[in-house]
Amino acid sequence: MTDSLALDYAQRLMACESISPARGSVFDTMEAMLVPLGFSVERFIAGADDADPAHGGPVENLFAIRGKGRRHFAFAGHLDVVPPGEGWSSGPFEPVIKGDLLYGRGAVDMKGSIAAFVAALHEIPEEAGTISLIITGDEEGPAIHGTRALIDHMQARGTVPDLCLVGEPTSVDRLGDMMKVGRRGSVNMWITVEGTQGHVAYPHLADNPIPRLVAILAQIKAVALDEGTEFFQPSNIEITELHTGNPATNVIPARALARLSIRFNDLHSGESLVELIRGIVEPGGGTLKAMISGEAFLTPPGELSATMAAEVEEVTGIVPEASTTGGTSDARFLSKLCPVVEFGLCNATMHKLDEAVAIADLDALTEIYRRVTLRLLNA
Ligand SMILES: [Zn+2]
């Protein structure tokens, strides 16, 4: 058996069932790891009086802080996991080692990386500086009462980090091949065109909304938002649904609906895109509803990304690509406070059956986190 501290911590966290929104035992386990390391741990439930089920229900959050110093370095992550699904080879919440791998829900996304950071803390003296952990129980859900509530908590207590590392699984084929320095934003929109229902044989008595919706969508499809930037791929507009709810061949429907999803880079804001689309939809006779899920952000090249890249190369021998691909993450909220970089385990098995992490990667990640933290604090 190995004597990996990160492996031991990962197993302890993965043994706690913590499907989003998470509360309770997984946070007890986390607190029990941090208190002996000198952290003061603050836990709170957010969203207890939010009646909207779309907001995900009550969620637990944890903020832990230790040390003094002019610089405050934060590690952010989540203890909630997605539901395991049917068909696992072993219990999703009974972590098991087979060969070189540790299996269980959360192995890479992202209890393994939280375990690696806590293991790294054992090698970082308290005098090194101010370190905090920003840990939510709702990243995989609506994320309404998760990291956003933690940011409010930190601002209320007057503690805002100077630099932040998010431990999401950013590596692709090998630990170290990718870090994220930004993310695209996301906005969803719903278009409705009203008409008047009637008989197909009596079109003068009806008003068909479909041609108007098709014309609106053709205009939207012709929009080229941008050609990408040095750091981002081009923004894209996708029409993701189209329906009238009309089962009859001889009826002109009363209403036609469509839905769009736009992933956008930092040349746009969610609001600017809503206005752009509204400028096509309303003159075309439709109405628009929109929900912005997250704004684009970029941490421009600088000390944080350079330090991360250098230490990843030192430990793994690979220079990580600085990417902005993939979906949104909680880094979108934290980026409003300070520079943020995301780096963590290989993401090949995240959200899948038989999620697994290489034990060697847990130890290598511990070493990367230790070096990055010490270098950024001593700077
Ligand atoms: Zn995650």
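These legends walk through several close-up views of one predicted protein model.

Residues are numbered from 1 along each chain as its sequence is written, and side-chain values rest on heavy atoms, with hydrogens and water left out. Because the model is predicted, local features need pLDDT of at least 70 and side-chain atom pairs count only at pLDDT 80 or more, while totals for chains, interfaces and linings use all residues.

**View 1. The whole chain, to get your bearings.** The protein chain has 9 helices and 19 strands; these are DSSP runs, with helices being H or I of at least four residues and strands being E of at least two, numbered from the N terminus. Taken along the principal axes, the C-alpha atoms fill a box of roughly 80 × 45 × 40 Å. Of the 379 residues, 51% count as buried. Here buried means under 20% relative accessible area, exposed means over 50%, and partly exposed is in between, using a 1.4 Å probe and protein chains only. Take the contacts with a separation of 6 or more: residues 24 or more positions apart account for 80% of them. A contact means heavy atoms within 4.5 Å.

View 2. An unreviewed UniProt entry carries the annotation "binding site" for His78, Asp109 and Glu168. They span 91 residues in sequence, yet no two of their C-alpha atoms are more than 8.7 Å apart, so they gather at one spot. UniProt positions are given in the numbering used here, feature names are shortened, and annotations may be inferred rather than shown by experiment.

**View 3. Zooming in on Asp109.** Look for Asp109 in the loop between β5 (101-103) and α3 (111-121). With a relative accessible area of 4%, Asp109 is buried. Its side chain joins that of His78 through a polar contact of 3.0 Å. That term means a pair of N or O atoms within 3.5 Å; within protein, one must be able to donate a hydrogen and the other to accept it, and residues adjacent in sequence count only if both atoms are side-chain atoms. Not counting residues up to four places away in sequence, Asp109 touches several others, including Glu140, Glu168, Met350 and His351. The peptide bond from Asp109 to Met110 is cis, with omega near -15 degrees.

View 4. Glu168 sits in the loop between β7 (163-166) and β8 (178-180), and is buried at a relative accessible area of 8%. Leaving aside neighbours within four places in sequence, its contacts include His78, Asp109, Arg183 and Phe343.

View 5. Helix α1 (residues 5-14) and helix α2 (residues 25-34) pack at an angle of about 155 degrees, with axes 9 Å apart. Axes are lines fitted to C-alpha atoms, for helices over the stretch in contact, and angles run from 0 to 180 degrees between N-to-C directions. The pair is therefore roughly antiparallel, a label for angles over 145 degrees. Tyr9, Arg12 and Leu13 in α1 meet Val26, Thr29, Met30 and Met33 in α2. In the loop between these helices lies Pro21, and the peptide bond from Ser20 to Pro21 is cis, with omega near 0 degrees.

**View 6. Two residues with a positive phi.** Most residues other than glycine have a negative phi, and most peptide bonds are trans. Ala143 is not a glycine, but has a positive phi of about 60 degrees. Ala143 lies in the loop between β6 (130-136) and α4 (147-156) and is buried, with a relative accessible area of 2%. His351 has a positive phi of about 65 degrees, and is not a glycine either. His351 is in the loop between β18 (340-342) and β19 (356-358), and counts as partly exposed at 41% relative accessibility.

**View 7. Ile368, tucked into a helix.** Ile368 belongs to helix α9 (residues 359-378) and counts as buried at 0% relative accessibility. Apart from residues up to four places away in sequence, Ile368 touches Leu175, Met308, Glu311, Val312, Val315, Thr316 and Phe343.

How values were computed: Parallel < 35°, antiparallel > 145°, perpendicular 65-115°, else oblique.
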